[in-house]
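Welcome, and thank you for taking a look at this one. Have the view open beside you, and we will walk through it one piece at a time.

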Amino acid sequence: MEGSSVKAERPTVEPAASDFPRLREFGGIWSPEAIEEIHEKADLGRYQIRGQATKRKDFPSFDDLVFVPSGLSRVALEGYRERCDTQVVIGEGRVKRPLVLERPIMIAGMSFGALSVNAKRALGMAATRCGISTCTGEGGMHPEERKYSSKLVYQYLPSRYGLTPYDLRKADMIEIVVSQGAKPGTGGILLGLKVSDEVAEMRTLPKGVDQRSPCRHPDWLGADDLPVKLEQLREATDYAIPISVKVGASRTYDDVRLAARGGVDAVVFDGAEAGTAASPKIQLDHAGVPTVAAVGEAAEALRDLGMKEEVKLIVGGGIKNGADAAKCIALGADAVYIGSAVIIALNCHRPLYVDDYARLGTTPYECCHCHTGLCPVGITTQLPKLVARLDPEEAADRVTNFLNAMTMEIQLFARSCGKKHVNDLDGNDLRALTHDISLMTGVPMVGLNGRVPAWRKF
Amino acid sequence: MAAVENKRTLDCAGKATAEINQFLRNAAADGVNEVEVLNPQARHNLAVSITDPIRLVFRGHVGYYAVSLCDHVRAEILGSAGWGVGDNLMEGEVVVHGNAASAAAPSLRGGRVVIKGSVGPRSGIGQKWGDLIVGGDAGYMTGFMMQKGRIVICGDAAGSLGDSMYDGAIYVGGEITELGNGVAVVEAGKEDLDELREMLAGYGIKPPKGFKKLICDGTLHHFDKKDFDVWKEVL
Ligand code: SF4
């Protein structure tokens, strides 16, 4: 065809959608973001991958609940004087060496590989000072992590990377991972730049490979096999330590029920807001049930089995502060898992090395580039030059401070509701701000005091 | 010096699994050469987490996860095995005289698992090192996501063989229903074949006439090479 050989001149620099602020006013389904997303897929030929968590703002959240503290009808605890205990014990009366947590907080599974060794060291130090646990995540138990964490949860995953009978014996709890909230039903991703010599060695992989972990366990598939698998792991750990199952929140009632009946000491689930170092973006936004909606279901499943006291419920996914944690506990959790929050306490998103954020095409507060392995602040990277930017001692202090603040916040709500133990908080201490959240959680609506709404008469 | 005790016998009938495993662990720790295990009755989780050297002989069938999470153990099963036999073996050897069910030798890390009969689906899944040898046929998805080591199948292999393998090699004597993704068939060298024949002879397995050799073709190693390079260049 005539003219087909004429090449159009292309501008070399393409501005980003954010350079056209007025575009936002157009609204509609073809927002600048939706357009940009299609352009990116048209360039890449695959789904987008990124770190962090969903950026959806329309999920129901713990912010839709408020506490109703004491007044005349209930008596508050004296805030600065009276004790308000925080200890939680997992596996009490079930195993020889239950896991004693001094606070109802656990640091969620994040692998060495996804995180740098300095990040692992810092989390270990902080957790040890606070008497709480850290978790290996995928990829095996790094000796430094074991050294710095006095209570270490060892994840048992489909990939079995780095798994040894010796490390199983060194663990303080085992968490059998079935799925995770950020990407339920799919396996992990660790892109090539993060598969360094050491990571490749620990996982028995070719260096620099884009690792895609399996999502199904190789040797057991469903609830029927679970008790046999559990017996194997109990044998491997001398019936000494608790074992939990972790699932991403989806069919939570059934999953929790099956896990508890299978014989675990704790059930862990994380909601759709849970974080990740790398995940298909589309899945972050469109798979799984938000945390606040799933807690009640999970607690109900345990109550229906008469196992609520015996089997502990650990809940994670988007928990940012003591209010989220206290509400989660009031809805039935025994402890909360925090991942993203402690990563942020380490220094994630800090406006240091701003030029390096810019080179990744982002800014400090928008960054979600953990998957690239080029974390400007040395947390989610394996490059020695970047890892060195995170000083483990200083970072451990920041995380300790954050954990202390969060614990005080949880106690603040418990005390103000008249509870001597944070785990005595219950659904009666809460009210819902919206109908939706009231329906989801069973918590009464604010202002109705349990009454049938007046408009029901019409 | 006390004489090394040569042999103990354990009758599983009427004993709890924990008791059986503790007996085996104690025997291994005491330096006993061999334990003969009677009446295994296809029970699950026999010989779990034994990490001192010992030889075990099971007179009968075993259930799920027999000889699993072990190191330095040499076991012989004079019968068939359930799912996940030799799971996560570090070093040592497990020989099954009959067949093995699904996921034989999952996540094998070293040593050797030999099944004289056939194996079910997903055998050698996520294999990290060592050898899995199958005298008969292998079920679908054998060698799925294999990372290193060798799988030798003397008979036929069902579909999705070696799917998504990262590395390692699979040798097949019989027919292959279908190759998995990212797998290439290459010529097996004479040295390779001589070694395989010698290895099989050691277990009294008749080698097939020849072997096809399968390796990872590398296409699944990177999601998209183009942007991997971009990331590399950013800093
Ligand atoms: S600063 Fe680092 S850890 Fe935080 S989002 Fe960016 S890459 Fe991830």
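## A covered helix in chain A

Let us begin with helix H10 of chain A, residues 322–330, which is mostly covered: nine of its nine residues are buried. Keep in mind as you look that this is a predicted model. The buried residues of H10(A) are A:Gly322, A:Ala323, A:Asp324, A:Ala325, A:Ala326, A:Lys327, A:Cys328, A:Ile329 and A:Ala330.

What covers the buried residues of H10(A)? Among the strands there are S2 (65–67), S14 (312–316), S15 (335–338) and S16 (430–432) of chain A. Helices take part too, including H9 (291–304) and H14 (392–416) of chain A.

## Chain A as a whole

Stepping back, you can find 15 helices and 16 strands in chain A. Its radius of gyration is 23 Å, close to the 23 Å that the globule rule gives for 458 residues, so chain A is as compact as a globular protein of that length. Along the principal axes, the C-alpha atoms of chain A fill a box of roughly 85 × 65 × 45 Å.

Of the 458 residues in chain A, 59% are buried. If you take the contacts in chain A with a separation of 6 or more, residues 24 or more positions apart account for 67% of them.

Now find A:Leu101, which lies in strand S4 (residues 99–101) of chain A. Is A:Leu101 buried or exposed? Its relative accessible area is 0%, so A:Leu101 is buried.

Leaving aside residues up to four places away in sequence, A:Leu101 touches A:Thr86, A:Gln87, A:Val88, A:Ile90, A:Met106, A:Gly131, A:Ile132, A:Ser133 and A:Ala335.

## Around the ligand

Which residues surround the ligand? They are A:Gln52, A:Cys348, A:His349, A:Tyr357, A:Cys367, A:Cys368, A:His369, A:Cys370, A:Cys375, A:Val377 and A:Thr380. Sorted by class, this shell holds seven nonpolar and four polar residues, and no charged ones. The space that the ligand takes up is the largest cavity.

## Turning to chain B

Chain B has three helices and eleven strands. Read from the N terminus on, its elements run β-α-β-β-β-β-β-β-β-β-β-α-β-α. A compact globule of 235 residues would have a radius of gyration near 18 Å, and chain B, with 19 Å, agrees with that. The box filled by the C-alpha atoms of chain B, taken along the principal axes, is roughly 65 × 50 × 35 Å.

How much of chain B is buried? Buried residues make up 60% of its 235 residues. Among the contacts in chain B between residues at least 6 apart in sequence, 25% join residues at least 24 apart.

## A loop residue that touches both chains

To finish, look for B:Ser107, in the loop between strand S5 (92–96) and strand S6 (112–115) of chain B. Although B:Ser107 lies in a loop, it counts as buried, at 1% relative accessibility; the cut-off for buried is under 20%.

Which residues does B:Ser107 touch, not counting residues up to four places away in sequence? In chain A, they are A:Ser159 and A:Arg160. In chain B, they are B:Asn88, B:Ile125, B:Gly126, B:Gln127 and B:Lys128.

Notes: Residues numbered from 1 in each chain as written. Chains lettered and ligands numbered in written order. Predicted model: local features only at pLDDT ≥ 70, side-chain atom pairs only at ≥ 80, totals over all residues. Heavy atoms only, no water. Near = heavy atom within 4 Å. 1 Å grid on protein atoms, 1.4 Å probe; cavity = no way out; pocket = protein on both sides within 12 Å on 5 of 7 lines; lining within 4 Å. Sits in = over half its atoms within 2 Å of the grid points. Nonpolar A, V, L, I, M, F, W, Y, C, P; charged D, E, K, R; others polar. Helix = DSSP H or I, 4+ residues; strand = E, 2+ residues; numbered from the N terminus. Rg over C-alpha atoms; globule rule 2.2 N^0.38 Å. Buried < 20%, exposed > 50% of the residue type's maximum accessible area, 1.4 Å probe, protein only. Contact = heavy atoms within 4.5 Å.
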